[in-house]
Structure formats: structure tokens, C-alpha cells
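Hi,

Here is the model I promised to pass on. Have a look at it first, and then read on for what turned up when I went through it.

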Amino acid sequence: MKSRWKKVEYKIISGKVVEIKRTYMPLADRKKPRGHRIAGNSDERKIKDNEREQKKRLARTLNANLEKGWMLVTLKYDDETRPLDYAALQISGKKYMRKLREAFKKQYGRNPKFILVNANWNPERDCPAKFHHHIVIESCSWDMLRGLWPIENGVSIEPIDGREDHTALAVYLIDNVHGLPYNGKVWSTSRDNLVKPIYTEPVEIADGIADIQPIPTAVQTAFERLDGEAGTPVSAYIRCVLPEKPVIKGRQIMLPKPRKRGGKGAKHEFTAL
């Protein structure tokens, strides 16, 4: 009898960061229709899995877009202006971003690139935190950012460092939000002006799930393996950082080849992914 599942490998490219995933996928001709999901009917494992995936999705957005000059902006409230609940916090965040878009467009002639997180949790103490906002935004006027917020000394601005893999920042931002329903939206972004990660088509593989290999030119930064009930691997994951961004030629993704011995300082040659 023909198996319902096949082993596949695919890649996700975000700036210089490449994720390689091996897993099982259902065969196209044997897919079953998904049942309807009941709102709120999610167990603890699904919620935790969703949190991990949210962190990866946010990291991809950060890695694909962050460049020199981007900043982490934190907006804080005083006792008189603090929102009463999370819904009011979200509304307040939207109002600030509306004013910021207008001011940014007036000064720079276009809409800003940003990611907004409405925060309610202290991950270090694992307890509720006073409501605040985190905004990851491209280079712009610090005076403009501070001038749009009504709370004196309520704006802190921190330049984001030049690392290529911003997964740690994504984890920090997601961990600042707690208690949302399953699949609740933890962050929002500017529309139509952020670079999206590239997903390659899944390719069927013959060797084992655990035999996943990093790209020779890359520096590996993470490895994950998930075993099934029988103790055999059902998925494997590697995250690595390339020395240069891949080049897109038509529908091909070109990755840098390893440098030849004695080729220090020379540009990388590229090979198809």
C-alpha cells in the first residue's frame, strides 16, 4: 500500500539567514480535508507550538528587513494614562502609529517600515508587567519619535546591533506578550513595504530526517530535532547564517560557494540552491 507521507526538505531564506527543515508531508493525492477549528479549543501543546512558530516567523521578518540604523523603541505610560485593559492598549498603539506614519511621511516622503508589539508581560520575572509598546523601526528622527508620545520621559530608544540573525530579539518581543488566545496576533507590521522571507519548494529526499546538513559556507546558529513516540526523528531543523545574501536570478536562488584556499578578500562565487 502506498504511504500517505513523504520525507521532504525545504529552505526559508531571510536576508543572510537560511533555515533548512526536514519533515514529513502528506502526498498530494491522499490529503484529507481539515476539520473546522473551534475557537479556544486548543490544548497546552498546541499553544506552546504556536508560540515557537510565532517567534520564528517574527525572526524571519526581522532578518529579512533589519539594516544599519534600525531601532528598538519602547513607549511607557504613567499611572494617569495607562490603558485599563489589553484591548485599550492595542487601540492606543494604533493611534500612536497613525500619528507616526503621518509625521514620517511628511518628513521623509514615504511610509515607515516597522513592527509593533503591544506588551503586557515581564518574561524575566514571569509575571504581568505594566502595559507598554515595543516598536522596531527603521532609521528616523529620535526627536520625532519622542515628540509624538505625550508622556514625559516615556520613550526609550536603543539602536539595534549589526548581527545577521535577530532571533534573540524576536524571542524577547514575543515573550513580552502573554495570555492571548491560540493564534492571537502578537505583533503587527507596516503594510506593503517589508521584504518577505523566501520559501523554497519542498523536495522529496531519500536519506533520513536526521541526516540534515548545514550549508558549507554558513555558520550554524541553531539545531532542533523532534522525535516521535517510537523515538525516531519526525522532523529536523537547522538555522545558519551565510557570509553574503543569496542572489535571486529569475526563479533560481544562488548561494555563495566556499572560498578557495588562498582566496581571502575575494568575492564569493555563487551556486544554485
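**A positive patch on the surface**

Lys94, Lys95, Arg98, Arg101, Lys185 and Arg191 come together as a patch of positive charge on the surface. Bear in mind that this is a predicted model. How exposed is arginine 98? Arginine 98 has a relative accessible area of 44%, so it counts as partly exposed.

**Salt bridges**

On to the charges that do pair up: the count comes to 12 salt bridges. Here are three of them, with the N to O distances.

Glutamate 9 pairs with arginine 22, and their closest N and O atoms are 2.6 Å apart. Glutamate 9 belongs to strand S1 (residues 5-14) and arginine 22 to strand S2 (residues 17-26), so this bridge ties together parts that are 13 residues apart in sequence. Buried or exposed? Both glutamate 9 and arginine 22 are buried.

Strand S2 also takes part in another bridge, through glutamate 19. The side chain of glutamate 19 meets that of arginine 60 in a salt bridge of 2.7 Å, N to O. Since arginine 60 is in helix H1 (residues 44-65) and glutamate 19 in strand S2, the pair links parts that are 41 residues apart in sequence. Glutamate 19 and arginine 60 are buried as well.

Then there is aspartate 175 with lysine 55, a salt bridge at 3.0 Å, N to O. Aspartate 175 lies in helix H4 and lysine 55 in helix H1, so here the parts tied together are 120 residues apart in sequence. Aspartate 175 itself is partly exposed, because its relative accessible area is 28%, and buried would require under 20%.

Which residues do shared partners join into one network? Glu9, Lys11, Arg22 and Asp207 are joined that way by their salt bridges.

**Helix H4**

Helix H4 runs over residues 167-175, and Thr167, Leu169, Ala170, Leu173 and Ile174 in it are buried. Looking down the axis of H4, these buried residues fall within an arc of 155°, so they line one face of the helix.

**Loops to check**

Aspartate 126 shows a positive phi of about 55° although it is not a glycine. Its place is the loop between strand S4 (114-122) and strand S5 (127-137), and aspartate 126 is exposed, at 56% relative accessible area.

Aspartate 192 is the other one, with a positive phi of about 65°, and it is not a glycine either. Aspartate 192 lies in the loop between strand S7 (187-189) and strand S8 (198-199). With 83% relative accessibility, aspartate 192 counts as exposed.

Last, a contact across the sequence. Lysine 68 is in the loop between H1 and strand S3 (71-76), and lysine 68 counts as exposed at 88% relative accessibility. Where does the chain bring lysine 68 and glycine 162 in space? They are 94 residues apart in sequence, yet their C-alpha atoms are 6.4 Å apart.

Cheers

How values were computed. Residues numbered from 1 in each chain as written. Predicted model: local features only at pLDDT ≥ 70, side-chain atom pairs only at ≥ 80, totals over all residues. Heavy atoms only, no water. Buried < 20%, exposed > 50% of the residue type's maximum accessible area, 1.4 Å probe, protein only. Helix = DSSP H or I, 4+ residues; strand = E, 2+ residues; numbered from the N terminus. Arc of directions from axis to C-beta. Patch = residues over 30% accessible without salt bridge, like charges linked within 9 Å, V, L, I, M, F, W, Y side chains within 5 Å. Areas by Shrake-Rupley, 256 points an atom, 1.4 Å probe, with all protein chains shown as cover. Salt bridge = Lys/Arg side-chain N within 4 Å of Asp/Glu carboxyl O. Lys, Arg positive; Asp, Glu negative; His and termini not counted. Charge placed at Lys NZ, Arg CZ, Asp CG, Glu CD.
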